[in-house]
Amino acid sequence: MSDMENWVIVWVIPKNGKNEDCWIMVRHKNRGWELPGGNIQKGELVEEAALRELFEETGLLGTAKAIEEKLFDRGTVVLVEVDMDPIPESWHSEDAMIDEVGWCMSIPENLSEFPNSSSKKELEVLLNYDWSASKILGS
């Protein structure tokens, strides 16, 4: 299994579904804006890794709703819903490498340039993705 197969990308949307084009991103100290995510630990399910990374990077708890393994070569994407309504203000992360966390309604200018990070094209794919074809998780 390669490092990319051990990587989870978290696509976080509001549970209320009112803002379909609204998602959470984190601003990494060195890399810029990117989606929450990270390594899947040994013995950890991909959805567990997604929820752990979400909490570590944003302080939020969520519900994993769907998994898409074949969307990107760089890792498995997990759709996660959170109870928090989108707000215009960003907030602090407990993760020392994350400068801020915030809801996005458009793709940020200073996206991470790190090879394993979110690209504009990737975000556009996620914004238009039909999750009904993905592995749906029980509620």
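The model is a predicted one, in which local features need pLDDT of at least 70 and side-chain atom pairs count only at pLDDT 80 or more, while totals for chains, interfaces and linings use all residues. Residues are numbered from 1 along each chain as its sequence is written, and side-chain values use heavy atoms, with hydrogens and water left out.

**Exercise 1. Cysteines**

Determine how many disulfides the structure holds, and state whether Cys 22 is buried or exposed.

Solution. Begin with the criterion, which asks for a pair of cysteine sulfur atoms within 2.5 Å. The count of disulfides by this criterion is zero. For Cys 22, the nearest cysteine sulfur belongs to Cys 104 and lies 7.8 Å away, and Cys 22 is in no disulfide. Turn next to accessibility, where buried means under 20% relative accessible area, exposed over 50%, and partly exposed in between, with a 1.4 Å probe and protein chains only. Cys 22 is buried at a relative accessible area of 1%, and Cys 104 is buried at 8%.

**Exercise 2. An open sheet**

Find the strand order of the open sheet of three strands, and explain why one side of β3 and of β7 is left without a neighbour in the sheet.

Solution. Strands here are DSSP runs of E with at least two residues, numbered from the N terminus, and two of them pair if DSSP finds at least two bridges between them. From one strand to the next the twist averages 30°, with axes taken as lines fitted to C-alpha atoms and angles running from 0 to 180 degrees between N-to-C directions. Finally, β2 (residues 23–28) is joined to β7 by six bridges in the antiparallel sense, and Met 25 has Gly 102 of β7 as its bridge partner.

**Exercise 3. Glu 81 and Asn 6**

Identify the nearest side chain of opposite charge to Glu 81, and say how far apart the C-alpha atoms of Asn 6 and Asn 39 are.

Solution. Glu 81 is placed in strand β6 (residues 75–82). A salt bridge requires a side-chain nitrogen of Lys or Arg within 4 Å of a carboxyl oxygen of Asp or Glu. Glu 81 is buried yet has no salt bridge, and Lys 65, the nearest side chain of opposite charge, is 4.2 Å away. Asn 6 lies in the segment before β1 (7–14) and is partly exposed, at 22% relative accessibility. The C-alpha atoms of Asn 6 and Asn 39 are separated by 5.7 Å, although the two residues are 33 residues apart along the chain.

Conventions
Helix = DSSP H or I, 4+ residues; strand = E, 2+ residues; numbered from the N terminus. Lys, Arg positive; Asp, Glu negative; His and termini not counted.
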